[in-house]
Number of protein chains: 2
Amino acid sequence: KCFLLRVVNILLHYIEKTFDDKSKILDFHHPHQLLEGLDGFDLELSDHPESLEQLLVDCTDTLKYGVKTGHPRYFNQLSSGLDVIGLAGEWLTATANTNMFTYEIAPVFTVMETVLLKKMCGIIGWRETEADGIFSPGGSISNLYGILVARYKQYPEIKARGMAVLPCIVLFVSEQGHYSIKKAAATLGIGTDNVIEVKCDERGKMIPAELEKNILQAKRKGQTPFCVVATAGSTVFGAFDPLHDIADICETHKLWMHVDAAWGGGLLLSRKHSCKLSGIERADSVTWNPHKLMGVPLQCSAVLTREKGLLGACNQMQAEYLFQPDKVYNINFDTGDKTIQCGRHVDVFKLWLMWKAKGTYGFEVQIDRYMELAKYFYKVLKKKDNFKLVFDAEVRTLLVGFFWWYFNVSILSFFLFNDICVYTQIAPKIKAQMIVEGTAMLSYQPCGDKVNFFRMVFSNPATRQTDVDYLIDEIQRLGKDL
Amino acid sequence: KCFLLRVVNILLHYIEKTFDDKSKILDFHHPHQLLEGLDGFDLELSDHPESLEQLLVDCTDTLKYGVKTGHPRYFNQLSSGLDVIGLAGEWLTATANTNMFTYEIAPVFTVMETVLLKKMCGIIGWRETEADGIFSPGGSISNLYGILVARYKQYPEIKARGMAVLPCIVLFVSEQGHYSIKKAAATLGIGTDNVIEVKCDERGKMIPAELEKNILQAKRKGQTPFCVVATAGSTVFGAFDPLHDIADICETHKLWMHVDAAWGGGLLLSRKHSCKLSGIERADSVTWNPHKLMGVPLQCSAVLTREKGLLGACNQMQAEYLFQPDKVYNINFDTGDKTIQCGRHVDVFKLWLMWKAKGTYGFEVQIDRYMELAKYFYKVLKKKDNFKLVFDAEVRTLLVGFFWWYFNVSILSFFLFNDICVYTQIAPKIKAQMIVEGTAMLSYQPCGDKVNFFRMVFSNPATRQTDVDYLIDEIQRLGKDL
C-alpha cells in the first residue's frame, strides 16, 4: 500500500509536469544509450530481486526518459493528450484486472460494453437493437474485423474451408486509405495485390467514378469484388470520402461497405461537423477509435456492424471450458466468442467513465475547439511567406489536420538550382532538432510527388492558441540556420 | 489531482478487500439487473456531465459489482491474482499513455521490449541475437502470429497474392490444443477443416505416431502440410505434448513447429519443472503469456520466433507517416511494422518491473509453490470418497491443474439408474450456488466422453493451503443438498 502510494506520488508529479508547457516534452537519448544504461537506469534483468527503493527510482527514470504525450506542444500523433478521468478509469481497470471474454468474470464491464456499443451504433444512425460490435486492440484490428466479416457474409463457407473454395476476391480502398487495410488483406490470406487502390482527388478524397471504373475493370478481369473500404478522416490529409456516393455504388454492385472512421468517428459527436460523415449510416461496418479524437487513453477502438450476429457467426468456436451453455446467467453477455481473441483487455471502462464525466456534449465542445484551433492555425500560416500549405483550398474543411512545407528562402533557391534531396531533408532536420531540444513534437512525411512536409494534428485537449503560436515560431527558429 | 487521489483511495480499499479471504469474491447480479440500474448505479450515458462526486460513486459501484480476480479463493481462470508491483507498472503505463509503434514516442518501452524478448528467447534456449518476437494482445493473437509466419516462411508470395496461389495447406494440432488455433485458421483464410486434430493419449498429450500418420494421410489426399502446433500446457488437462518427438517429425517433413506455451511457458523459469518443456528450443515459434503463470496483470503475451526478420518481412507495409526512414535515431527500434496492428498498447512495462522486483528466481519460487499446492490438493482429494480425479495417474506430473468430478452418493446412484443429464448438472449447480454466495470461483466443463467436471487452476499467488481446504469443504457443503 505504501509502495503504491509512493508510485502514485511519482505519477502525480509526472502529470503536473506533463501539463506544464515550460517543461520539456522529452529528454532525448539514442536507443544504444538506453541499452547501455543511463545514470544507473539499467534495463537488464537479473536473477535476483531489486529493492523497492530501486523500483521507485526505476519508475521515475522510465518516465524521465519517455515522451510526455499529454504535453500541450505534443502534436505528433492522432492520439494524444492525457485525460485525467480516463486515466482514473485505466487505473481502476488495471486494479480490477479482469478479462472481457465472459460476463462471469467481468459482469460490469461486459454490460458497459453493450451499453457503449449500442450508444455508438445509435450515433452512427443504425437501429441499436439490430446492430452489433466489439472493442478490439486498435483500429487496424477493427479494420481487419470489417473485412473479415465482409468476406464471411458473402462466403460463409470460408470459415471451415478457407480461401481455396472462393473465387479471386478483391476489395477497394482509396490510395489515401490506411495501411492497415493492406495488412489485413495479407493476414486474411486475400493478398495485398487484391486490394485495389482507388484514385483520389487533389484533396485526398476517393473519386466515386474511379471506384466504379475499378470495380468494372476487376469484374472484366475475372476478379470478384466483395468489399469497399471508405475512409472518414484519412491519416495523412484528413480527407473524408464521399460516403453516399460510395454507398450507392456498393448497393448497385452488392458490395460490403466498411467505413474506416478510426480517426474521424469522433466528429459524429459534433452537431456542427458530423455532416462530414453523412452516409455513414449506410455502411455495413465501421471502425471508430475513441482513443483518437475523443481523447480516451490508449487503447480504445470499436468495430461496429449494422447486422447483429455476424461477428459471432464468423468467429465463434464455442470452447467448452469458457462458454459453457449451462451457466446461471443469460449467456448472451458472454461476448468473447465474437472476437478473434480469447482473453481481451478491458478497454471500455475509461471510455464509459469519460462519457459520464463529459456527457456527449462535453466531447462535442472539445472537438469543436480543435476545429477552431485548426482554423486559427491556418489563418496564421496563410499570412506567413515562408510556409506553404500542402492543400491550400482544402484547409477550411479539414477538421484537425493541417499540412504544410516549411520554406526557407535560401534553401528554396538552393533547391531550385540543385536537387530535391536537400529540400526533402528540411522537415526531418527540424524535427530532429526539436526532439533533441524537447521543445515540441510533430510529424512529417512525404506523400506521392510531395516531399517531406509537416503534418499538424489537433487532438490534444491541453493545446492552447499560444502553443500553436509557439510551434510556428519554433519551426522558424530551427529552420533559419539550416 | 485531488480526484485521482480519491480514486486511488477507492482502489486501495478494494485491493485490501481482494486479499481478505473473509470478503466475498463477488456480489452476483444478473445482466438485466445491471442494465436496469442497481441502487442508483446507472450504466446509461447521457448528453450532460455528471459531478465528480457521482463519478467516485460510479467507480466504487463498478468494483462492488465486479469480480475480485485476485481473491485467494478465485481459481476460475489461468490468469488470476493481483500482483501489486505489476499493478503499479500498469498505473505507470496508463499515465505514460503512449504507443509501442515507434521508438520516437515510446523510447524506454520499445527498448524494454527488446530486452524482454531477448531474455525470453534466451530462456527458451535460442540464440538471442538471431531470435525475434513481439508482444501481442493475448495468446490467441500470438498463436495466430505463429501460423501466419509459418505460412509466410513457406510461401512468401502469400503476402501479395493471397491463398489463391497456394496449394491446399493444412496444419496439425492435438485434439486438446487451444481453440485459438482454429480461430486463427478461420481468420487467416486457411479454414478450420484444414486444421487436422491429432489424437491424444489418455492424459491429453499428442501421440507422435498419430501425428506422423495424419501427415502421411494428408499428403496422400493431396493436401500440403506446413505447420504443427504443439501444446505445452493444454488448457483443460494441463498436458505437455512430447516436444522432441514432434520436433523430429517436423524436421523429417520440413514443417514449421509452433509451440503454444501460453500457459506452460512460465514453467521455463523453474529449474525443477522446466524439463516438461524439453525440446521447446527446437521450435520455430513459441507463444508465451506472462499474464498466466507468471502472474503479470492482463494483458501480457509474447510470440517469439527463432529466426530474426520473419515477423517484419511478413507484416511490414512501411507506412511513410509513421516509419520514416530519415529519423534521427536507429530505426531498427521502430518495431511497430512487425505487427498486424498499428497502434499497440504498452504491455511490457509491468512485466519488466515485476522481473526487476522478483528476479528470475522470484518467479521460480512462486511457480514451484503452485506445484506444491497442487500436489497437496491432489493428496487431499485422493483420500475423499466423494471426489474422483479425471486422470488419476497423471496428477503427479501435472503442474497446476487438477480435474475432478464431485460424487454425491445419492446423485451417483440416481445417475446409474437414470440418465446422464442429472450427473451433468452437478458441477454447474454447485458453481452457480458458489457464485451467488460469492464464496469461491472455479471452472467446470465437459470434455469428450466426460460430462461436466471441475477444473482447478493454481496460478493465484494469494492462494494458501487453507483456501484449498476451504474449497473442498465448500464443494461438499454445496453438493450435499443437490
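Biologist: In this predicted model, which residue forms a salt bridge with Lys431(A), and how far apart are the closest N and O atoms?

Modeller: A salt bridge is read from the distance between a side-chain nitrogen of Lys or Arg and a carboxyl oxygen of Asp or Glu, with a limit of 4 Å. Here the partner of Lys431(A) is Glu104(B), and their closest N and O atoms are 2.4 Å apart. Between chain A and chain B the count is six salt bridges.

Biologist: Which helix of chain A gives the most to the side that touches chain B?

Modeller: That is helix 12 of chain A, residues 349–382, which supplies eleven residues. By residue class, this side of chain A divides into 80 nonpolar, 38 polar and 25 charged residues.

Biologist: What area is buried between chain A and chain B?

Modeller: The size of an interface is often expressed as the accessible area lost when the parts come together. For chain A and chain B the buried area is about 12,400 Å², with carbon and sulfur atoms giving 66% of it. In chain A, the residues losing the most area to chain B are Leu45(A), Tyr321(A) and Lys356(A), together 7% of what that side buries.

Biologist: Turning to the sheet, what is the strand order in chain A?

Modeller: The open sheet has seven strands in the order 2-8-7-6-5-3-4, with mixed pairing. Strand 2 (132–136) and strand 4 (195–198) of chain A are at the edges, each with a single partner strand, so one side of each has no neighbour in the sheet.

Biologist: In which sense do strand 6 and strand 7 of chain A pair?

Modeller: They pair in the parallel sense over three bridges; Asp260(A) has Thr287(A) as its bridge partner.

How values were computed: Residues numbered from 1 in each chain as written. Chains lettered and ligands numbered in written order. Predicted model: local features only at pLDDT ≥ 70, side-chain atom pairs only at ≥ 80, totals over all residues. Heavy atoms only, no water. Buried area = accessible area lost by both parts, 1.4 Å probe. Helix = DSSP H or I, 4+ residues; strand = E, 2+ residues; numbered from the N terminus. Nonpolar A, V, L, I, M, F, W, Y, C, P; charged D, E, K, R; others polar. Pairing = 2+ DSSP bridges.
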